[in-house]
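I opened this notebook to keep track of what I looked up in one structure, entry by entry. The sequence and the coordinates go in here before any reading of them.

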Amino acid sequence: MSVIVKPDICTGCETCVQSCPFDAIVMKDGKAYINEYCTACKACISLCPEGAIIETEESAQR
Ligand code: SF4
Ligand code: SF4
């Protein structure tokens, strides 16, 4: 299980960046990107106003 950002939906608002307790969300080319520090705690998912952060069955589909 992993948590990813769908870049086609992300507006780059950066709301999620501050929300991650593990500093796993970084901005990359104007979009949020979840790096390897993510523990899949899911704290960020409900915070994204666009619904761009999703949980996926696949591991590391980045
Ligand atoms: S909160 Fe959602 S739309 Fe905003 S930067 Fe994060 S993933 Fe993108
Ligand atoms: S699931 Fe948790 S650890 Fe992963 S990016 Fe979101 S807030 Fe950070």
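**Entry 1, terms and conventions.** I took a cavity to be a set of points, on a 1 Å grid over the protein atoms alone, where a 1.4 Å probe fits but cannot get out, with lining residues having an atom within 4 Å of a point. Grid points are joined across faces, edges and corners, and a volume is the space filled by probe spheres set on the points. The model is predicted, and local features need pLDDT of at least 70, side-chain atom pairs count only at pLDDT 80 or more, and totals for chains, interfaces and linings use all residues. I noted also that residues are numbered from 1 along each chain as its sequence is written, that chains are lettered from A and ligands numbered from 1 in the order in which they are written, and that side-chain values use heavy atoms, with hydrogens and water left out.

**Entry 2, cavities.** I searched the whole structure and found two cavities of 30 Å³ or more. The largest cavity holds about 70 Å³ of space, and of the 13 residues that line it, C20, I25, C38, C41 and C44 are the closest to its centre. For classes I counted Ala, Val, Leu, Ile, Met, Phe, Trp, Tyr, Cys and Pro as nonpolar, Asp, Glu, Lys and Arg as charged, and the others, Gly among them, as polar. On that scheme the lining of the largest cavity has 10 nonpolar, two polar and one charged residues.

The second largest cavity has a volume of about 50 Å³. V5, C10, T11, G12, C13, E14, C16, C48, E50, A52 and I53 line the second largest cavity, and by class they divide into seven nonpolar, two polar and two charged.

Which space does each ligand take? I let a molecule sit in a cavity if more than half of its atoms lie within 2 Å of the cavity's grid points, and I counted a residue as near a molecule if one of its heavy atoms lies within 4 Å of it. Ligand 2 sits in the largest cavity, while ligand 1 takes the space of the second largest cavity.

Around ligand 2 there are 13 residues, of which C20, C38, C41, K42 and C44 come nearest; the shell divides into 11 nonpolar, one polar and one charged. Around ligand 1 there are 13 residues, with C10, C13, E14, C16 and C48 coming nearest, and this shell has eight nonpolar, three polar and two charged residues.

I listed salt bridges, meaning a side-chain nitrogen of Lys or Arg within 4 Å of a carboxyl oxygen of Asp or Glu, and the structure holds one. The side chains of E55 and K42 form the salt bridge, at 3.4 Å from N to O. This pair links distant parts of the chain, since E55 is in strand β4 (residues 53–56) and K42 is in the loop between β3 (31–34) and β4, 13 residues apart. Helices (H or I, at least four residues) and strands (E, at least two) are DSSP runs, numbered from the N terminus.

For accessibility I used buried for under 20% relative accessible area, exposed for over 50% and partly exposed in between (1.4 Å probe, protein chains only). E55 is partly exposed at 33%, and K42 is partly exposed at 43%.

D29 lies in the loop between β2 (25–28) and β3, and D29 counts as exposed at 78% relative accessibility.

Q18, in helix α1 (residues 15–19), is exposed at 73% relative accessibility. From Q18 to C44 I read 9.1 Å, C-alpha to C-alpha, for 26 residues in sequence.

C13 lies in the loop between β1 (2–5) and α1 and is partly exposed, with a relative accessible area of 40%. C13 and P49 are 36 residues apart in sequence and 8.9 Å apart in space, C-alpha to C-alpha.

How far apart in space are A52 and Y37? I got 19 Å, C-alpha to C-alpha, for 15 residues in sequence. A52 is in the loop between β3 and β4 and counts as buried at 1% relative accessibility.

Methods
1 Å grid on protein atoms, 1.4 Å probe; cavity = no way out; pocket = protein on both sides within 12 Å on 5 of 7 lines; lining within 4 Å.
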